[in-house]
Amino acid sequence: MPAERARLTLMGLGVALIASATAAAGPISFIALAAPQIAQRLQRARATSPLTAAWTGALLLLAADYAAQHLFYPRQLPVGVVTICIGGLYLLWLLLRQTGGAKP
């Protein structure tokens, strides 16, 4: 068995598996962007600890997973769909709030 060909085939398979996992879980990353901001606002402090942000992110993901499983009962949504909707809307609201909102 040629080693170079086997190595190239295994490398391609590894890249394909990592790409599919990233594509499936990609929208969950919105939680990583939103959790520190939410934790900071809940604490009403200038800065928040990484532990507080991690717990906030864990609770957000738990709530999003529960909503994805039970929101449209006969069907289950991927958790990424819920996190991208919630996280995207939250970050949009945060951006509009910090810039002073949409002005005509």
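A crossing of two helices is called left-handed if the near helix is turned anticlockwise from the far one by less than a right angle, and right-handed if clockwise. Helices here are DSSP runs (H or I, at least four residues), numbered from the N terminus. The structure is a predicted model, in which local features need pLDDT of at least 70 and side-chain atom pairs count only at pLDDT 80 or more, while totals for chains, interfaces and linings use all residues. Residues are numbered from 1 along each chain as its sequence is written, and side-chain values use heavy atoms, with hydrogens and water left out.

Helix H2 covers residues 29-43, and its 15 residues should span 21 Å at 1.5 Å a residue; the end C-alpha atoms lie 22 Å apart, which agrees. The expected span is 1.5 Å times one less than the number of residues. At Ala35 the helix bends by about 30°, and Pro36 follows within four residues; the bend is the angle between axes fitted to the seven residues ending at a position and the seven starting there. Just after H2, Arg44 has a positive phi of about 55°.

Four residues of H2, namely Ile31, Ala34, Ala35 and Ala39, are buried, where buried means under 20% relative accessible area, exposed over 50% and partly exposed in between (1.4 Å probe, protein chains only). Their cover includes helix H3 (50-70) and helix H4 (79-99).

How do H2 and H4 meet, and at what angle do their axes cross? The two axes come within 9 Å and cross at roughly 50°, and H2 and H4 are therefore oblique to each other. Axes are lines fitted to C-alpha atoms, for helices over the stretch in contact, with angles from 0 to 180 degrees between N-to-C directions. Angles under 35 degrees count as roughly parallel, over 145 as roughly antiparallel, 65 to 115 as roughly perpendicular and the rest as oblique. H2 passes H4 in a left-handed crossing. Residues making the contact (heavy atoms within 4.5 Å) include Phe30, Ile31 and Ala34 of H2 and Gly87, Gly88 and Leu91 of H4.

Helix H3 contains Leu61, which counts as partly exposed at 32% relative accessibility. Leaving aside residues up to four places away in sequence, Leu61 touches Ile28, Ile31, Val79 and Thr83. In the loop between H2 and H3 lies Arg46, which counts as exposed at 81% relative accessibility.

Technical notes:
Helix = DSSP H or I, 4+ residues; strand = E, 2+ residues; numbered from the N terminus.
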